[in-house]
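Here's a quick walk through a helical model, one stretch at a time. Have the coordinates open as you read.

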Amino acid sequence: AVQCYEAVKRYDPHNVDAVRHMAQLYRKLEDHGSLARMLSEIINLSKDPAVLAPTYAEMGDLARTVLGIPEDAHVYYRNALDYDPKNLRAILALEEIHRENASWGEYLEILQMKAAAIEDEAQLRKTKLQIAETYEDRLDDAAAAIALYKEVLESDPANLAAMKGLERLYAASERYVELREVLERQLDVVE
C-alpha cells in the first residue's frame with residue numbers, strides 16, 4: 001500500500017490526501033521516523049487549519065515521546081493552537097509540560113485556554129479550580145483565586161473544594177466575616 005501512495009505522490013506531489021494516507025499507514029506500522037516525515041509534508045502542503053492543528057499536535061506528541069526531541073514539542077503544540085486555539089490535545093500536553101517545568105505563568109495561560117475550550121460544565125469547574133489553586137499556591141494572587149473560587153460556587157453552590165479554597169484564603173487574610181460565612185456554608189453542605 002505504501003508503494004501505491006508513493007506512486008500517487010510521485011505523479012501528484014501536492015496530493016495531501018495521499019500523504020495523509022501514507023501517514024496513516026506509517027502510524028499503524030509504528031514507523032515513527034517515516035510518520036514524522038509525512039506529517040512534515042502535510043504541514044508544508046496543507047493550508048487547512050482543520051488539518052494543520054491536529055498534525056502539529058501529533059508532531060508535538062512524536063517529538064515529546066518518541067523522537068527524543070522533547071524541547072521541540074512546545075513549538076509544535078503552540079503551532080497547533082495557532083490554527084485551533086481549542087485543540088485539547090495540544091492544550092493538555094502543554095499543561096503537563098508547563099506543570100512539570102514549573103513554568104507557572106505559561107501554565108496559567110494554558111489553563112485559561114483550556115477553560116475556554118471546555119464545553120462540559122463539570123470539567124470547566126475543575127479547570128477553574130486548577131486556575132484558582134495556581135493563583136493561590138504558585139502566583140500568590142489571593143484576589144484572583146478568591147474570584148475564581150466564588151465563580152465555581154456560583155455554578156456549583158455545594159462545591160467543597162471551592163469552599164475550602166475560600167476558607168484558606170479568608171483565614172490567611174484575616175477576613176473573619178467571610179470565613180464564618182464559608183464555614184457555615186460548608187456545614188450546611190456536609191449535613
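Helices here are DSSP runs of H or I with at least four residues, numbered from the N terminus (strands would be E runs of at least two). By that count, Thr55 sits in helix α4, residues 49-65. Before going on, some ground rules: this is a predicted model, where local features need pLDDT of at least 70, side-chain atom pairs count only at pLDDT 80 or more, and totals for chains, interfaces and linings use all residues. Residues are numbered from 1 along each chain as its sequence is written, and side-chain values use heavy atoms, with hydrogens and water left out.

Burial comes up a lot, so here are the cut-offs: buried is under 20% relative accessible area, exposed is over 50%, and partly exposed is in between (1.4 Å probe, protein chains only).

| Residue | Relative accessible area |
|---|---|
| Thr55 | 7% |
| Glu95 | 5% |
| Val190 | 56% |

Thr55 is buried. Contact means heavy atoms within 4.5 Å, and Thr55 touches Leu39, Ile42 and Ile43, not counting residues up to four places away in sequence. Thr134 lies 79 residues from Thr55 in sequence and 30 Å away in space, C-alpha to C-alpha.

That brings us to α8, residues 121-137. Its 17 residues reach 24 Å from first C-alpha to last, close to the 24 Å expected at 1.5 Å a residue; the expected span is 1.5 Å times one less than the number of residues. Buried residues in α8 include Leu124, Leu129, Gln130, Ile131 and Thr134. Their cover includes α6 (88-100), α7 (104-117), α9 (142-155) and α10 (160-172).

Finally, Val190 is exposed and belongs to helix α11.
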